[in-house]
Amino acid sequence: MSAPLLVVDNVTRTFGGVRALDGVSLEIREGEIVSIIGPNGAGKTTLFNIVSGVLRPTSGDVRFMDRSIVGWSPQRIAAAGIARTYQIARPFVRLSVLDNVAVGALTHERTLERARAAAREVLEMTGLAPYADRPASDLTITQRKRLEAARALALRPKLLLLDEVMAGLTPTEIDAMAVFIEQLRERGIAAIGGVEHVMRVVMKISHRIVVLDFGKTIADGTPAEIAADPRVGEAYFGTSLEEASAS
Amino acid sequence: MRRIGILVFCVVVALLIVIPPMANGYYRSLFYITLLYVALAYGWNVISGYAGYFSFGQVTFFGLGAYVTAIVVTKTPLPWEIGALLGGVVSAAFAVPLGYLMLRLRGPFFALGMLGLARTLQVAANSMGITGGGQGLFLPPGSNALSVYYWTLAIAVLAFAGTWLIDHSAFGLRLQALREDEQVAATLGVHVTTQKVYAFIISAAIPGLLGGGYAWYLTYVNPVSVFSTSIDLQAVAMTILGGIGTVWGPLIGGVLISQISEALAAQYPQAFLMIFGGLVVALLVFLPRGIAPACAAALSRRRARAKPAEART
């Protein structure tokens with residue numbers, strides 16, 4: 001078995017008196033898709049902010065490819081191979097769609113021309129190519145979500161942190177996003193998705209599911225294990241997870 | 001299209017080199033002041049237009065360049081050009097620690113911080129011996145204003161060409177990305193602090209190089225004249241009117257504002273400021289993003305009409 005790509009080791013983060021994360025540990029291997037589920041306020045976004053270097057943990061360690069990345073700047077973490085998307089899409093609205101994506105490509109391409117060429121490829125993959133020369137402000141919410149993913153992919157990451165990429169999408173769009181996430185595995189990119197709802201898709205595409213509640217991990221296992229876990233099913237969803245995922 | 005642009009550019013520069021020696025003193029100084037403001041506007045445009053850090057204190061470096069030059073020509077036998085060059089170097093060097101310090105501030109805090117910095121240097125110049133205190137320093141009279149003009153022309157051309165290069169470079173894209181959203185830019189791998197400091201150095205070096213020429217042109221520097229906020233405000237107004245964060249904006253705004261204000265001042269000396277202010281307000285109401293972006297949009301609309309409309313997806 002290969003060494004884990006990312007290790008989150010007993011991470012705690014407090015904001016004043018609030019423990020947003022309380023001793024969270026998890027591991028992800030290369031090419032693995034892990035979903036973190038939990039209600040609003042469970043600590044998903046805080047975890048993403050810590051792994052991407054936007055926040056520092058109050059205590060605990062984060063290791064990426066066997067090196068501690070605690071205290072690294074966001075740009076260093078991005079260049080090392082961890083890309084992220086934002087829960088609420090934050091495009092550079094006055095730049096073209098192509099240039100939005102080219103910014104990320106500049107971490108591995110030296111000239112603007114080559115970064116734009118690399119960005120075009122990513123736009124093809126994500127279905128945004130027809131909008132390449134439009135300002136990002138022209139995009140719809142769904143397209144903005146895709147742009148978030150495209151920008152992150154342009155970094156050529158080994159690990160992608162997807163913060164609520166499913167939120168606000170229609171069922172058809174959710175399926176399209178699920179296909180996109182499953183394709184990541186073919187490219188050898190591991191992904192951690194933070195998801196509040198859409199259990200149907202989570203059960204289908206995840207290798208593992210981690211359940212967060214009030215900053216603590218209450219379960220960690222395969223979709224089947226999570227579905228069978230009475231703590232998750234009843235204490236957390238108020239119903240069995242099979243029922244929840246059928247809806 | 002690009003070839004025509006380069007041709008026009010070369011012709012204009014050639015005319016700017018040839019005409020002033022033949023022009024009378026009034027036009028010569030009008031040319032000089034116009035170019036000075038165009039170049040100052042280009043300097044401001046890098047940190048404030050491309051990087052999005054609004055500064056109301058780049059005049060700090062203009063004053064610094066003017067004083068360095070005044071000190072060099074009054075205390076040493078060196079020519080003023082060396083002083084002006086040194087003024088640019090000192091400004092750029094001063095911008096490094098200052099950038100790391102000031103660029104932690106954002107929005108109005110940065111703008112006011114820079115405003116305060118200019119006042120601080122003004123007070124320092126007022127109270128130090130080497131700067132001649134409140135009296136300032138007198139430079140040798142009978143100076144050759146034409147050399148100042150060419151110096152300023154060279155810097156304006158370099159500032160324009162440099163802006164074009166920035167606009168077409170990875171550096172320019174990184175600056176625009178951090179202007180739009182600094183945190184997102186960082187998570188996309190942009191070294192935000194370094195890029196901001198580079199932009200700040202460029203925006204300090206340009207006024208730093210220009211200040212020396214101004215000192216030589218006026219043959220006199222004092223704390224009030226070379227650290228004046230109105231110098232900054234003019235450059236700011238020109239850039240915004242022409243198009244902030246664009247290649248052509250500072251040129252269009254700079255030439256337009258200085259010519260209009262000059263013509264109005266000659267025609268209507270009493271009502272000049274009132275008419276001028278009204279014009280600026282009207283332009284900003286109708287073209288809030290400036291003249292250059294409005295022209296670019298009109299051009300691309302015309303081009304789109306000329307081509308058979310492609311299917312919009």
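**Reading a two-chain predicted model**

Student: What covers the buried residues of α3(A)?

Tutor: The cover includes α4 (112–126) and α5 (141–153) of chain A, together with α7 (170–180) of chain B. Contact means heavy atoms within 4.5 Å. Helices (H or I, at least four residues) and strands (E, at least two) are DSSP runs, numbered from the N terminus. Residues are numbered from 1 along each chain as written, with chains lettered from A and ligands numbered from 1 in written order. The model is predicted, so local features need pLDDT of at least 70 and side-chain atom pairs 80 or more, while totals for chains, interfaces and linings use all residues; side-chain values use heavy atoms, without hydrogens or water.

Student: How many residues of α3(A) are buried?

Tutor: Buried means under 20% relative accessible area, exposed over 50%, partly exposed in between (1.4 Å probe, protein chains only). Helix α3 (residues 97–105) of chain A has 9 of its 9 residues buried. Among them are A:V97, A:D99, A:N100 and A:G104.

Student: What is the strand order in the chain A sheet?

Tutor: Two strands pair if DSSP finds at least two bridges between them. Here 4 strands of chain A form an open, antiparallel sheet, ordered β2-β1-β4-β5. β2 (18–28) and β5 (67–68) of chain A are at the edges with a single partner strand each, so one side of each has no neighbour in the sheet. β1 (residues 6–15) and β4 (residues 59–64) of chain A pair over 5 bridges. A:D9 has A:D61 as its bridge partner in β4(A).

Student: Which helix lies across β1, β2 and β4 of chain A?

Tutor: Helix α1 (residues 44–51) of chain A does, at about 115° to β1(A). Axes are lines fitted to C-alpha atoms, for helices over the stretch in contact; angles run from 0 to 180 degrees between N-to-C directions.

Student: How many aromatic pairs are there over all chains?

Tutor: The structure holds 19. Phe, Tyr and Trp (six-membered) rings pair with centres within 6.5 Å; planes under 30 degrees apart are stacked, over 60 edge-to-face, the rest tilted. B:Y26 and B:Y27 have centres 5.0 Å apart and planes at 75°, so they are edge-to-face. B:Y26 is partly exposed at 40%.

B:F61 and B:F200 are also edge-to-face, at 5.8 Å and 80°. B:F61 is in α3 (residues 59–75) and B:F200 in α9 (residues 192–218) of chain B, so the pair ties together parts 139 residues apart in sequence. B:F61 is buried at 0%.

Student: Where does the charged end of A:R90 sit?

Tutor: Over the ring of A:Y86, 4.5 Å from its centre. The test is NZ of Lys or CZ of Arg within 6 Å of the ring centre and within 35 degrees of the ring normal.
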